[in-house]
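Here's a quick briefing to skim before you load the model into your own tools. Have a look at the structure first, then we'll go through it topic by topic.

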Amino acid sequence: MKDDLSPVKIEFVNFGVSYRSEKAGSPPLSALENVALKVYDKRILSVIGPSRSGKTSLLRSINRLNDLHASFEHSGEIFIDGAPVYGGADTDVTELRRKAGMVFARPVVLPLSIYENIAYGPRLMGRSSKSELDATVETALKDAYLWEEVKDRLGSPAAALSGGQRQRLCIARVLGMRSGIIMLDEPTSALDPVSTAKIEETLTALKNKYCVILVTNNVKQAARVGDETAFFLMGKLIEYGDTAKIFTTPRDERTENYITGRFG
Amino acid sequence: MNARTEEKIAVNVLRFSAFLAIMILLFIIVYVSYKGMGSLTPSFIFENPRDMGREGGIFSAIVSTLYLAVLSTLIATPLGVGTAIYLTEYTGESAVTKIVRFGSDCLAGVPSIIFGLFGFVLFVIYLKLGWCLLSGALTMTFMVLPTIIRTSEEAIKAVPYELREASYSLGATRWQTVTKIVLPEAVPGIITGVILGVGRSISETAAVIFTAGSALATPGSVLESGRTLAVHFYIIAREGISMEKAFATALVLIIFILTINVITYALMNRYISKKKA
Ligand SMILES: Nc1ncnc2c1ncn2[C@@H]1O[C@H](COP(=O)(O)OP(=O)(O)OP(=O)(O)O)[C@@H](O)[C@H]1O
Ligand SMILES: [Mg+2]
């Protein structure tokens with residue numbers, strides 16, 4: 001397990017998520033209940049669980065992307081570096097989203113050039129000097145293992161890249177923002193095995209610098225990449241701990257059933 | 001009748017209707033060119049009409065047309081696109097959006113002569129602007145607004161939601177997301193609506209006569225009355241002043257509209273291919 005020196009980056013306290021039903025009268029749908037979880041800095045947390053267990057809701061609660069859904073409601077609190085995500089009336093949501101960068105399941109690039117995709121976030125922050133952006137773009141692309149493939153065509157539209165390259169561009173985009181936290185929601189579910197391997201390699205290289213949360217429906221990937229693993233089922237955190245332990249000697253029978261493929 | 005004959009008949013009926021549409025356009029162009037070509041000389045373009053349009057050219061009418069079209073487009077586009085942005089990005093589907101949309105659709109169905117009457121009462125009389133190109137342009141703004149709102153709304157809605165999420169997740173505000181990501185993607189669709197509007201204000205007669213009047217002189221400013229090409233054509237054709245000049249005017253009008261369409265489509269294609277690589 002983590003050495004006691006790695007600091008807690010994100011802490012969920014009694015956190016819950018529900019979505020109000022469209023139909024009047026019917027009860028809200030509970031997506032997460034009473035989640036208590038600590039995520040450590042400079043480590044990778046794998047989050048696994050069957051479909052609709054609340055994994056995406058968990059990630060989207062951290063950067064408050066869920067606020068975009070009118071039906072979203074939360075209970076409890078999340079702390080990032082000790083500061084409440086929801087509680088503080090003066091929480092700057094855009095600032096929060098910069099701190100916790102997100103990579104989606106589908107590799108969605110902005111309809112801009114490769115360069116501008118990465119420069120987008122920094123520009124919004126006011127970091128817009130040419131030399132600084134050039135350096136940011138280059139570093140981000142190198143860290144995402146994409147530099148060699150695109151360095152000669154930074155000005156061409158990102159839409160022309162392959163799916164795997166686009167997803168690495170999405171990672172580079174987050175790196176360019178210098179977010180301390182990188183959240184990935186099934187980042188390889190739409191990719192071929194070679195691209196998947198490249199992304200996993202990227203993530204492993206990143207963990208020394210960032211706090212990474214990887215949601216994945218691929219149990220083997222969770223085992224390969226994660227330092228810690230959390231298993232969710234129907235909105236509840238069933239088991240959490242050292243990845244090696246979870247995969248060799250799970251405490252809960254449901255965890256064992258899931259990782260051995262007996263359901264999910 | 002078996003499925004194959006049915007298919008054959010369907011294809012031919014469909015082909016015929018598509019063919020018909022292009023034939024009508026071609027017929028109009030050929031007929032108007034044939035009738036109007038003879039009078040279409042450089043002096044017809046660059047001289048002002050004399051003797052009620054029996055002699056001279058249509059320079060003042062071209063100027064009035066440009067004033068009216070440009071002015072109404074300049075006013076209607078930001079209003080229409082702004083409304084569309086508000087309806088799609090800033091309010092969820094609610095009673096308010098439904099009412100605004102329904103109202104705007106009803107507006108689209110109001111006959112132009114009613115707009116003319118309304119513009120006359122509001123701008124010409126009540127606001128004391130008198131018959132002038134500004135009154136006409138403001139009236140045309142109301143007329144083309146529903147089209148611009150509707151087409152802009154569809155264009156904005158067609159931008160994938162995921163792009164907005166990606167933008168928000170990078171710390172963009174709603175306004176930044178709209179201006180930097182959504183609108184640039186929606187531009188081709190929005191332009192289509194704007195061009196429809198331009199075409200409408202160029203070819204409108206009834207509402208324009210009521211509000212901009214039909215003065216023959218070259219307007220010095222938008223606060224003066226002016227006679228657009230469509231109005232000029234209508235008047236000299238209806239009153240039998242000169243059929244040759246009327247057709248030559250119609251030809252200029254058609255060339256105008258075709259040119260605008262060709263240029264915007266060319267620009268749009270360049271814009272799209274530049275973004276797509
Ligand atoms: N925007 C929303 N509105 C209403 N209900 C939602 C919304 N998002 C998620 N839910 C519901 O919340 C529950 C948890 O969904 P969530 O997407 O968090 O699960 P997940 O573990 O990510 O699933 P998957 O593996 O399929 O991506 C589901 O029952 C889902 O239907
Ligand atoms: Mg999910």
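Is B:Thr264 buried or exposed? With a relative accessible area of 16%, B:Thr264 falls under the 20% cut-off, so this residue counts as buried. Keep in mind that we're looking at a predicted model. Below are some notes on that threonine, the cores, the cysteines and the ligand.

**Around B:Thr264**

- You'll find B:Thr264 in helix H11 of chain B, which covers residues 243–276.
- Setting aside sequence neighbours within four places, B:Thr264 is in contact with B:Ile191 and B:Ile195.

**Nonpolar cores**

- The largest nonpolar core is made up of 76 residues.
- A:Ile10, A:Phe12 and A:Ile62 are the residues with the most contacts inside that core.
- Helix H8 of chain B (residues 174–203) supplies the largest share of this core, with 9 residues.
- There's also a second, separate core of 34 residues, and its members include A:Ala158, A:Leu169, A:Leu175 and A:Ile199.
- As general background, nonpolar side chains in soluble globular proteins tend to be buried together.
- Zooming in on A:Phe12, and again skipping neighbours within four places in sequence, its contacts include A:Val35, A:Ala36, A:Leu37 and A:Val39.
- A:Phe12 is also in contact with A:Leu58, A:Ile62, A:Glu77 and A:Ile78.

**Cysteines**

- How many disulfides are there over all chains? The count is 0.
- Take A:Cys211, which is in no disulfide: the nearest cysteine sulfur belongs to A:Cys170 and is 19 Å away.
- The cut-off for a disulfide is a pair of cysteine sulfur atoms within 2.5 Å, so that 19 Å gap explains why A:Cys211 isn't paired.
- A:Cys211 has 0% relative accessibility and counts as buried.
- B:Cys106, on the other hand, is partly exposed, at a relative accessible area of 37%.

**Ligand 1**

- Which residues come nearest to ligand 1? Of the 14 residues around it, those are A:Ser51, A:Arg52, A:Lys55, A:Thr56 and A:Ser57.
- A:Ser51 has a polar side-chain atom 2.6 Å from an oxygen atom of ligand 1.
- For A:Glu186, a polar side-chain atom sits 3.3 Å from an oxygen atom of the ligand.
- A:Tyr19 pairs up with a nitrogen atom of ligand 1 instead, with a polar side-chain atom 3.5 Å from it.
- Taken alone, ligand 1 exposes 630 Å², and the protein buries 70% of that.

Notes:
Residues numbered from 1 in each chain as written. Chains lettered and ligands numbered in written order. Predicted model: local features only at pLDDT ≥ 70, side-chain atom pairs only at ≥ 80, totals over all residues. Heavy atoms only, no water. Core = buried A, V, L, I, M, F, W, Y, C linked by side-chain atoms within 4.5 Å. Buried < 20%, exposed > 50% of the residue type's maximum accessible area, 1.4 Å probe, protein only. Helix = DSSP H or I, 4+ residues; strand = E, 2+ residues; numbered from the N terminus. Contact = heavy atoms within 4.5 Å. Near = heavy atom within 4 Å. Polar contact = N/O pair within 3.5 Å; in protein donor to acceptor, adjacent residues only side chain to side chain. Areas by Shrake-Rupley, 256 points an atom, 1.4 Å probe, with all protein chains shown as cover.
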